[in-house]
Amino acid sequence: MKIRQILEQHIKNGEPIKLETQGGVEGALFTDRGEFIPLDDLGYSGELGFFRISDFPFMENEAG
């Protein structure tokens with residue numbers, strides 16, 4: 001499943017996430033913590049949830 005599909009499912013389930021563009025870059029805004037992560041740096045893990053790939057380069061990204 002792609003990251004956008006995973007995000008849309010979490011948004012549909014009521015999680016505090018918004019898809020938006022900042023500075024011409026598409027990403028996810030995690031409104032509960034005020035953190036924007038560009039889609040090209042956003043990964044998902046059943047263990048961690050959403051994460052910055054650049055912060056966890058060795059974590060398996062389930063968002064193929």
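1. Thr21 has Glu26 of strand 2 as its bridge partner. Strand 1 and strand 2 run antiparallel and are joined by six bridges; strands count as paired if DSSP finds at least two bridges between them. Strands here are DSSP runs (E, at least two residues) and helices likewise (H or I, at least four), numbered from the N terminus.

2. A word on what we're looking at: this is a predicted model, with local features needing pLDDT of at least 70, side-chain atom pairs counted only at pLDDT 80 or more, and totals for chains, interfaces and linings using all residues. Residues are numbered from 1 along each chain as its sequence is written, and side-chain values use heavy atoms, with hydrogens and water left out.

3. Next, the hairpin: three residues connect strand 4 to strand 5. These two run antiparallel with four bridges between them, and Leu42 is partnered by Arg52 of strand 5. Strand 4 (residues 42-45) is covered on both faces, with Leu42 and Tyr44 buried on one side and Gly43 and Ser45 on the other. Buried means under 20% relative accessible area, exposed over 50%, and partly exposed in between (1.4 Å probe, protein chains only).

4. Have a look at Asp41 too, in the loop between strand 3 (35-38) and strand 4. Asp41 is buried at 13% relative accessible area. Leaving out residues up to four places away in sequence, Asp41 touches Phe51, Arg52, Ile53 and Ser54.

5. Finally, the rings. There are three aromatic pairs, where rings of Phe, Tyr and Trp (its six-membered ring) pair if their centres lie within 6.5 Å, and planes under 30 degrees apart are stacked, over 60 edge-to-face, the rest tilted. Phe30 and Phe50 make a tilted one, 5.6 Å centre to centre with 50° between the planes. That pair links strand 2 (residues 25-30) to strand 5, 20 residues apart. Phe30 is buried at 4% relative accessibility, as is Phe50 at 13%. Ring pairs join Phe30, Tyr44 and Phe50 into a cluster.

Methods:
Contact = heavy atoms within 4.5 Å.
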